[in-house]
Structure formats: structure tokens, C-alpha cells
Amino acid sequence: MNTRTKQELKPLQIGSVTLENPFILAPMAGVTDLPFRILCSRLGAGMNCMEMISAKAITYKNKATYAMTEISPEEKVASLQLFGSEPDVMGEAVRMIEDVPYHILDINMGCPVPKVVNNGEGSALMKNPVLAGQLIEAAVAATDRPVTVKIRAGFDEEHRNAVEVARIAQESGAAAVAVHGRTRAQFYSGEADWEIIAAVKAALTIPVIGNGDVTDGPSAAAMFAQTGCDGIMIGRASRGNPWIFESIKKYFEDGTVIGKPPMHEMQQMILEHGRMLVAHKGEYTAIREMRQHMAWYTAGYPNSAAFRRRINEAETLESLEMLVQTLCAE
């Protein structure tokens with residue numbers, strides 16, 4: 001049974017920006033590019049977070065990096081996420097992207113990938129709260145748009161300092177904080193600790209966005225109830241399932257639990273996604289990226305295991321279309 005009524009599901013205010021609903025697509029490298037974000041917007045995401053972008057690469061005027069800043073008018077609210085560890089570089093990068101029509105600027109303090117952490121960036125900043133605050137202050141000083149921060153529970157079990165870092169973020173001018181309830185040491189294993197999200201919410205006056213283990217309407221309602229958070233960020237559960245935002249909203253409207261759609265809808269979504277990706281990145285790159293997306297889309301459907309064994313056969317948009325039609329004909 002639904003634990004939150006439709007009237008309780010209010011827009012989320014982050015600084016000067018209003019989200020029509022509190023369900024947010026999390027930033028995911030290699031996933032939340034422009035085509036996928038457009039699909040999630042169409043299906044009800046209140047805000048899209050872009051793939052993380054290197055602040056230093058922006059200051060170097062890297063063309064590939066600038067290409068990642070593209071935003072569609074179809075995106076209701078777009079959050080551009082930067083990562084870095086040098087306050088002066090962060091401030092310069094923010095000023096250099098002033099013409100990009102993003103709505104919210106986010107600073108990544110949660111990425112667990114070794115090559116990022118080893119540079120003192122991403123979740124490594126959880127070990128250096130003073131530097132974290134300086135990065136936020138530099139970004140806030142460089143833009144009039146709201147600045148948010150995405151953090152983890154801590155770097156490891158011995159250093160679960162999300163509350164400390166979140167307080168520093170608020171004091172440094174952040175308009176909201178998103179908390180992934182896992183430490184960097186956990187990466188994405190184990191269960192997310194929602195109690196740390198609740199502790200951050202209790203400590204702050206700015207909005208707190210919960211992240212971790214929300215996969216459907218009931219788990220979203222449970223996170224709201226347990227943590228008191230203001231918004232929910234959905235990451236891995238959206239891969240191959242952009243419908244998740246639509247289904248969670250439906251649950252909050254009338255308590256209906258909706259699973260993934262029928263196979264023919266999944267088929268059409270793969271084709272739409274593939275065509276958009278080809279238009280955005282060119283056929284060679286797009287089809288190879290779609291192989292992973294197709295594995296996510298088809299998980300749990302009949303014949304999906306046999307289909308995934310054949311995914312690498314797709315090398316052109318035409319061959320992708322033929323492969324998808326074969327799946328749905330079996």
C-alpha cells in the first residue's frame with residue numbers, strides 16, 4: 001500500500017530552480033549521455049544529471065569534453081556535474097561554461113573509480129573536508145546558478161563522515177546535497193545505509209537527496225519514510241529502464257506497482273534509443289555503446305540470455321534493428 005499521498009509528492013526546490021517532482025536521474029559515466037537523458041525526461045524524471053565532466057579538461061578546452069555539455073530543450077532540469085580537486089581550476093571551469101544552458105551545477109565527491117580517487121578527486125574528497133569546502137566556495141563564487149554536491153557515506157567504514165562533509169557543503173554555499181548511502185570502499189556492493197542519509201537530513205536545512213537501492217515505487221516510499229529526504233536519486237535501477245520514473249510517479253499517485261513494460265515496448269525503446277544515439281554520436285560509436293544498453297534493457301525478458309549472446313553481432317543500425325526484431329519474434 002502506498003505510504004505517501006499524491007498531495008505529499010511536492011515539487012522540489014533547489015535554490016532558484018524548481019523540479020516538478022523529486023525523482024532524479026543520477027549521473028553515471030557512460031550512461032547518462034544526452035539520448036538517455038532525453039528518454040528519462042520523457043518518462044518523468046524531475047531532473048537529469050549529466051555524466052561527470054573534468055573541470056581541468058574544460059580549462060584545457062578539450063573538444064570531447066565540451067561535447068559532453070550539450071543539453072536538449074526536452075530536458076526539464078539539467079544538472080551539469082564537474083569533478084576536480086583544485087579550487088582555482090574549478091572556479092575557472094565554471095566561468096568558462098557560463099554559456100551552457102544547464103540549470104544546476106553539481107560537484108562530484110562520490111566517484112569511487114581508482115583513477116579518479118588516486119588524483120584526489122571524486123570520493124577522495126571525503127577524506128579532505130576542508131578542500132571539499134574550498135571547491136564548493138570556488139564554484140559558488142563563479143556562478144549565479146545553484147551549486148549542489150554529491151557525496152558518499154564516507155571513504156570507508158572507519159571514516160563515515162557524510163554529516164561533517166554535508167555541513168561543510170551547506171556552510172560553503174551549496175543549495176542541496178545528494179548522499180549515496182555507501183562508502184567508497186563498498187563501491188556498489190552491499191546494502192546502502194539509509195540511516196546515514198537520515199542523519200545528514202537531520203543536520204541540514206538545505207534539501208537532501210537520498211541515493212542507493214531505490215528500484216521502484218515501494219522502495220522510494222520507504223526511503224522517504226525512513227530518511228525524511230527531500231528527493232530521491234536513481235542510478236543503476238534506471239539502466240535499461242527509463243520507465244522507472246513513470247512507474248514511481250504512478251505508485252505515488254494511486255499505489256499501483258508497475259513492472260518493466262511488455263516486450264514490444266522494450267523493443268521500441270531499444271530502437272528509439274539506438275537511433276537517437278546514432279544521430280548523436282555516429283553509427284560506429286553508438287552501436288557499440290548500445291550493446292551494453294541492450295543487455296540492460298532485455299534483462300529478465302524471455303530469450304534474453306540467447307539475445308545477449310548475439311549482441312556483438314550488431315555493428316550497424318540496420319543489424320541492430322534486425323537483431324531486436326528477431327528477439328521479439330522468438
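Tutor: We can go from the whole chain down to single residues, keeping in mind that this is a predicted model.

Student: OK, how many helices and strands are there in the chain?

Tutor: The chain has 14 helices and eleven strands. Its radius of gyration is 20 Å, close to the 20 Å that the globule rule gives for 330 residues, so the chain is as compact as a globular protein of that length.

Student: And what box do the C-alpha atoms fill?

Tutor: Roughly 55 × 50 × 35 Å, taken along the principal axes.

Student: What share of the residues is buried?

Tutor: Buried residues are 58% of the 330 in the chain. As for the surface, the chain exposes about 13,700 Å², and carbon and sulfur atoms supply 51% of that.

Student: What about charges, how many positive and negative side chains?

Tutor: There are 32 positive and 39 negative side chains, and the centres of the two sets lie 2 Å apart.

Student: Switching to the inside. Which residues touch the most other members of the largest nonpolar core?

Tutor: Leu-82 and Ile-151, in a core of 95 residues. Helix H11, residues 263-281, gives the most to this core, with eight residues. There is also a second, separate core of 15 residues, which includes Leu-19, Cys-49, Ala-175 and Ala-178.

Student: Let's do a helix. Which residues of H9 are buried?

Tutor: In helix H9, residues 217-227, the buried ones are Gly-217, Ser-219, Ala-220, Ala-221, Met-223, Phe-224 and Thr-227.

Student: Last one, where is Thr-183?

Tutor: Thr-183 is in strand S9, residues 176-183.

Student: Buried or exposed?

Tutor: Thr-183 has a relative accessible area of 0%, so it is buried. Not counting residues up to four places away in sequence, its contacts include Arg-152, Phe-155, Asp-156, Glu-157 and Arg-160.

Notes. Residues numbered from 1 in each chain as written. Predicted model: local features only at pLDDT ≥ 70, side-chain atom pairs only at ≥ 80, totals over all residues. Heavy atoms only, no water. Core = buried A, V, L, I, M, F, W, Y, C linked by side-chain atoms within 4.5 Å. Buried < 20%, exposed > 50% of the residue type's maximum accessible area, 1.4 Å probe, protein only. Helix = DSSP H or I, 4+ residues; strand = E, 2+ residues; numbered from the N terminus. Rg over C-alpha atoms; globule rule 2.2 N^0.38 Å. Areas by Shrake-Rupley, 256 points an atom, 1.4 Å probe, with all protein chains shown as cover. Lys, Arg positive; Asp, Glu negative; His and termini not counted. Charge placed at Lys NZ, Arg CZ, Asp CG, Glu CD. Contact = heavy atoms within 4.5 Å.
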